[in-house]
Amino acid sequence: MQRLKVSDNQHYLVTDDDQPFFWLGDTAWEMLHRCNLQTEIPLYLDNRKAKGFNVIQTVILAEQYGLQQPSPAGHLPLHDMDPAKPNEDYFADVENVINMAVERGLYLCLLPTWGDKVNLAWGAGPVIFNEANARIYGQYLGKRFRDYDNLIWMIGGDRREVEGGVDYRPIWRAMAEGIKSEASQLMTYHPMGGRGSSMEFHQDDWLQLNTWQSGHGHLNEPIWEQIHGDWMRQPTKPVLDSEPCYEDIHIQFIAENGAFTPYDVRRRVYRGVFAGGCGVTYGQTSVWQMYSAEHDPVLEAEKYWKDSLDTPGAFQMQHLKNLMLSRPYLSRIPDQSILKSAEGTFGNHVRATRDAHGRYAMIYIPTTPITVDVDLQRLEGETFTASWFNPRNGETTKIGSYKRRDQATFTPDWRGPDWVLIIDSDS
């Protein structure tokens, strides 16, 4: 596998040979801690590979009693809960999983620890890190895994960087710098819900990729504003939503509110990507925690993880990746100016992206019926072909041909509810 790096224009990710890479991640936070190496991890990785995912996000020191409860192999990650005393047996198991991912062409995005080991706030903890041992632990990880080309490092873990008068940023920085002193893989940061890595670390050299956690609190979180804000930020860095709303998780974590549906997930991820995201990470509420009969459910998960691998949203995410890579990718830009009609707000917000050279445009329409007026003068050429793309099944249906004029009007089929309008320049 080739290592990932930032593209020349600083907005996207590419492989070492400069091929476009669209990050389509899945959330498996508890995989290393709760799944066995013989059958469960291969089952999970094979399933996600078949569905088009290419990045798996998981945690070394896991949230759910990751320091106190041994893995299925009987290993705890640290001796005496000391970050300076890693248990080689546990990290040999981690290496086995990295190799399993290599065999399947998957990138593994590793969080060195969940945030409760730095800033308890809630959860099992305990807090074990300070600036000194965070650097030692980071150096160990960097040296231990520096030769693996399919690794991405993700510092942080769902906690505020400054809270209760305590500044935890020096600890996270020490961990990142420890890894970077020994290794050169791509590095990013996982923020708390409603926050982004750019809010605290954008100027840090170790942060090569910004992420947001649009999270599970609101049905119509305006992630397009957050992503586009980072697109415009200097210095330029790629950005993506690394934790949007999870399929089947309760809205605001309250059962009476109902759960996020595949449609809710699609509205979140398409608008984030069209606003300038270099990818996105999907999640399902039973899968992230690897919920099984051996564990109590978190956030009222209802099905075991093996019974939740084939939910509709998990199948549908690959259509977004395939769509983005079906046209010239590295020249794609967010551009609302192509819309001559109102862009709408919240659940009805329409989001547009296009090729910087005018070769194509894509417009995500989240609900029907919504009519959009498109300024074809923003594209190159004299004639254009328009199509509807179905984000539920990945099928494309031709609408017709259009000649260059000030604007063209499109109304999606009443069936849906969401569609992508594609306009290709025939030239």
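Predicted model: local features only at pLDDT ≥ 70, side-chain atom pairs only at ≥ 80, totals over all residues.
Q: How many bridges join β15 to β16, and which residue of β16 stands opposite alanine 352?

A: The antiparallel strands β15 and β16 are joined by four bridges, and the residue of β16 that stands opposite alanine 352 is isoleucine 363.

Q: How many residues of α8 are buried, and what length does the helix reach from its first C-alpha to its last?

A: The general idea is that an α-helix has 3.6 residues a turn, so residues three or four places apart point the same way. In the present case 13 of the 13 residues of α8 are buried, so the helix is largely enclosed by the rest of the structure. From first C-alpha to last, α8 reaches 18 Å, close to the 18 Å expected at 1.5 Å a residue. Just after α8 comes glycine 276, with a positive phi of about 130°.

Q: Which residues have a positive phi although they are not glycines, and where are peptide bonds cis?

A: As a general rule, most residues other than glycine have a negative phi, and most peptide bonds are trans. Tyrosine 65, however, has a positive phi of about 60°; this residue is found in the loop between β5 (55-61) and α3 (88-103) and is partly exposed, with a relative accessible area of 42%. Phenylalanine 346 has a positive phi of about 50°, lies in the loop between β14 (332-334) and β15 (351-355), and counts as exposed at 52% relative accessibility. A cis peptide bond joins glutamine 234 to proline 235, with omega about -5°, and proline 235 is found in the loop between α7 (223-232) and β12 (239-241). The bond from threonine 368 to proline 369 is also cis, with omega near 0°, and proline 369 lies in the loop between β16 (360-365) and β17 (372-374).

Q: How many aromatic pairs does a search of the whole structure find, and what is the arrangement of phenylalanine 91 and tyrosine 140?

A: Ring pairs are read from the distance between centres and the angle between planes, where over 60 degrees counts as edge-to-face. The search finds 18 aromatic pairs. The rings of phenylalanine 91 and tyrosine 140 have centres 5.2 Å apart and planes at 80°, so the pair is edge-to-face. Because phenylalanine 91 lies in α3 and tyrosine 140 in α4 (residues 131-145), the pair ties together parts that are 49 residues apart in sequence. Phenylalanine 91 is buried, with a relative accessible area of 0%.

Q: Which charged residues lie over a ring?

A: The charged end of lysine 51 sits over the ring of phenylalanine 315, 4.2 Å from its centre, while arginine 392 lies over the face of tryptophan 419, at 4.8 Å from the ring centre.

How values were computed: Residues numbered from 1 in each chain as written. Heavy atoms only, no water. Helix = DSSP H or I, 4+ residues; strand = E, 2+ residues; numbered from the N terminus. Buried < 20%, exposed > 50% of the residue type's maximum accessible area, 1.4 Å probe, protein only. Pairing = 2+ DSSP bridges. Expected span 1.5 Å × (residues − 1). Phe/Tyr/Trp six-rings, centres within 6.5 Å; stacked < 30°, edge-to-face > 60°. Lys NZ or Arg CZ within 6 Å of the ring centre and 35° of its normal.
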